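The exercises below are meant to be worked through with the sequence and the 3D structure at hand. Each begins with a task and continues with a solution in steps.

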Amino acid sequence: MRVELDEPKCVASGQCVMASPEVFDQREDDGVAILLEERPGEELLDGVREAVAICPAAAIRLVEE
Amino acid sequence: MADTLAGATPDAAPEVPEYPMPRDLRCPLAPPPALEPLRDEQPIAKVRIWNGSTPWLITRHADQRALLTDPRVSNDDHEPDFPHVNAHRAAIAPHTPKLITNTDAPEHTRLRRSVNAPFLVKRIEAMRPAIQKTVDDLIDTMLAGPNPADLLTALALPLPSLVIADLLGVPYKDHGFFQENSNRALDSSLTAEEASAASRALGQYMDTLFREKLDNPGDDVLSEMAGRVKAGEMAHQEAVNMGVAMLIAGHETTATMISLGTLALLQHPDQLALLRESDDPKFIAGAVEELLRYLSIVHSGLRRVAKEDIEIGGQVIREGDGILFDLHAANWDPQAFPESERLDLSRPARQHNAFGYGPHQCLGQNLARLELQVVYGTLYKRVPTLSLAAPIEQLPFNHTGTTYGVKCLPVRW
Ligand code: HEM
Ligand code: SF4
């Protein structure tokens, strides 16, 4: 599974960081999301799924490879 | 024209309900009862607002999420048919500069990113010890004072006011002034004149303060914005308006969640006991989400306008039509939250719409969450005998503000 972040849509809410701090971080100057792990391990996927569900900008996708 | 002639008598038109809708005073924490049949049978329905216009009302959780992230749905309140909350907002809209609250992407994205840094998850989390200390001190002071006391003035209001004043760099000694004028700027029972005077007073206050920060920057958000203004990344007026918006938005909402949340818990002693006995930060964080969902205090409906025709749920929302989103209706949608009328601190509630959804979702949500986690995780442990000092029927509920709450909450211990 691969995580896709549509950066131009991101409104820097930080919800992904709350749901899955292992996979997401925020840029310090404007809070825009940073992807730390493009292919997170199985154990991190629940957190990523939550991030996908709560991201207010619908900017995160989890795609099957 | 032919349509009008063929359309029979005008009074054959279906009844269009008024919005906002009245609550059932016997269930003061539940959403207005008329929302339920609308959500079940007409989830995308026309309603009538204060100026006689008839925007669409969206009541289902899934429909709200689809539309609030739809780029054809706009927050541009300069549009002629934008469904304003009240006459005051309609009157000032044409003169209001571009703000994060009334712009769409890409302008909104630029403005919002320019004020986001202080609300980074890590920066907010770093405030936890200071907020814990403030909460402990306020509770100490309350317990040392007369019993019963008003929880609103003892804790619910001072905490968010102290926190937002500190974050922004606004002197807390002016809290009487900014609390009073923020409430007046949002109170739909006042005349447009009175509300405008309150917003003007806040604007002037912020402008003076901001000029001081330009000369003598400190370690606070206004000074950070002053830096951006000097660097040419932000206009002076934009920064002043942002400062006012954060000051207004930052305390009444959180104060309401503290007082109304406590009231809801006192009405549900089994749930209160779970919270009192839990030391699990995850449980406490979940309890905050559930109380946000259950109470959905922003009750005047989010306001938008369609920029193009939009088909949804068998209806066509036409370009230029106003759209309202009732957050309480969506947060009590049984399709999203089974047995939604039950306060259940153990349920997964994180997908509520209490902070809105889409690009305008609350800027201060991480800060509000932190304050609520600390209060809910501390107050009931420190004061296990906390109880209401007046019957719930006698509490003065505020039906006319942007948020629904109580004007005071007498408690004893
Ligand atoms: C429990 C407390 C709070 C609740 C329930 C709440 C609720 C909301 C809601 C529903 C919106 C969306 C409005 C819309 O989409 O039209 C919003 C936006 C906003 N909130 Fe909050 N809020 C809270 C606390 C705060 C705090 C502490 C701040 C302070 C810094 C704040 C600042 C803002 C701002 C600036 C916006 C506009 C964001 C934008 O349009 O991009 N709020 N809030
Ligand atoms: S949750 Fe979405 S909008 Fe918020 S920071 Fe993450 S990617 Fe950006």
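## Exercise 1: The enclosed spaces

The largest cavity holds about 100 Å³ of space. Determine which residues lie closest to the centre of the largest cavity, and of which classes its lining is made.

Solution. The model is a predicted one, in which local features need pLDDT of at least 70 and side-chain atom pairs count only at pLDDT 80 or more, whereas totals for chains, interfaces and linings use all residues. Residues are numbered from 1 along each chain as its sequence is written, chains are lettered from A and ligands numbered from 1 in the order in which they are written, and side-chain values use heavy atoms, with hydrogens and water left out.

Step 1. On a 1 Å grid over the protein atoms alone, a cavity is a set of points where a 1.4 Å probe fits but cannot get out, while a pocket is an open set with protein on both sides within 12 Å along at least five of seven lines; lining residues have an atom within 4 Å of a point. Points are joined across faces, edges and corners, and a volume is the space filled by probe spheres set on them.

Step 2. The largest cavity is lined by 15 residues, and those closest to its centre are Cys10(A), Ser13(A), Cys16(A), Ala33(A) and Cys55(A).

Step 3. Nonpolar residues (Ala, Val, Leu, Ile, Met, Phe, Trp, Tyr, Cys and Pro) are told apart from charged ones (Asp, Glu, Lys and Arg) and from polar ones (the others, Gly among them). The lining of the largest cavity then has 11 nonpolar, four polar and no charged residues.

Step 4. The count of cavities of 30 Å³ or more comes to four. The second largest cavity has a volume of about 40 Å³, and its lining has one nonpolar, four polar and three charged residues. Gln15(A) and Ile54(A) are among the residues that line it, as are Arg65(B) and His352(B).

## Exercise 2: The contact of the two chains

Describe how chain A and chain B meet, and name the salt bridge between them.

Solution. Step 1. With contact taken as heavy atoms within 4.5 Å, 23 residues of chain A and 21 residues of chain B take part.

Step 2. Buried area is the accessible area (1.4 Å probe) that two parts lose on being put together, summed over both. Chain A and chain B bury about 1,800 Å² between them, with 49% of it on carbon and sulfur atoms. Of the area that chain A buries against chain B, 29% comes from Val11(A), Met18(A) and Pro56(A), more than from any other three residues.

Step 3. A salt bridge requires a side-chain nitrogen of Lys or Arg within 4 Å of a carboxyl oxygen of Asp or Glu. There is one salt bridge between the chains: Asp25(A) pairs with Lys122(B), and the closest N and O atoms are 2.9 Å apart.

Step 4. On the side of chain A that touches chain B, helix 1, strand 2 and helix 2 of chain A each give two or more residues. Helices (H or I, at least four residues) and strands (E, at least two) are DSSP runs, numbered from the N terminus. By class, this side of chain A has 11 nonpolar, five polar and seven charged residues.

## Exercise 3: The second largest pocket

Find which element gives the most to the lining of the second largest pocket.

Solution. Step 1. The second largest pocket has about 1,100 Å³ of space. Its lining comprises 42 residues, and Met18(A), Lys282(B), Ala285(B), Gly286(B) and Gln373(B) are the closest to its centre.

Step 2. Helix 17 of chain B gives the most, with eight residues.

Step 3. The lining of this pocket has 19 nonpolar, 10 polar and 13 charged residues.

## Exercise 4: Backbone exceptions

Locate two cis peptide bonds and a residue with positive phi.

Solution. Step 1. Most residues other than glycine have a negative phi, and most peptide bonds are trans.

Step 2. Ala105(B) and Pro106(B) are joined by a cis peptide bond, with omega about 5°. Pro106(B) is placed in the loop between helix 4 (87-92) and helix 5 (107-115) of chain B.

Step 3. The bond from Asn147(B) to Pro148(B) is also cis, with omega near 5°. Pro148(B) is placed in the loop between helix 7 and strand 4 (149-150) of chain B.

Step 4. Ala12(A), in the loop between strand 1 and helix 1 of chain A, has a positive phi near 65°.
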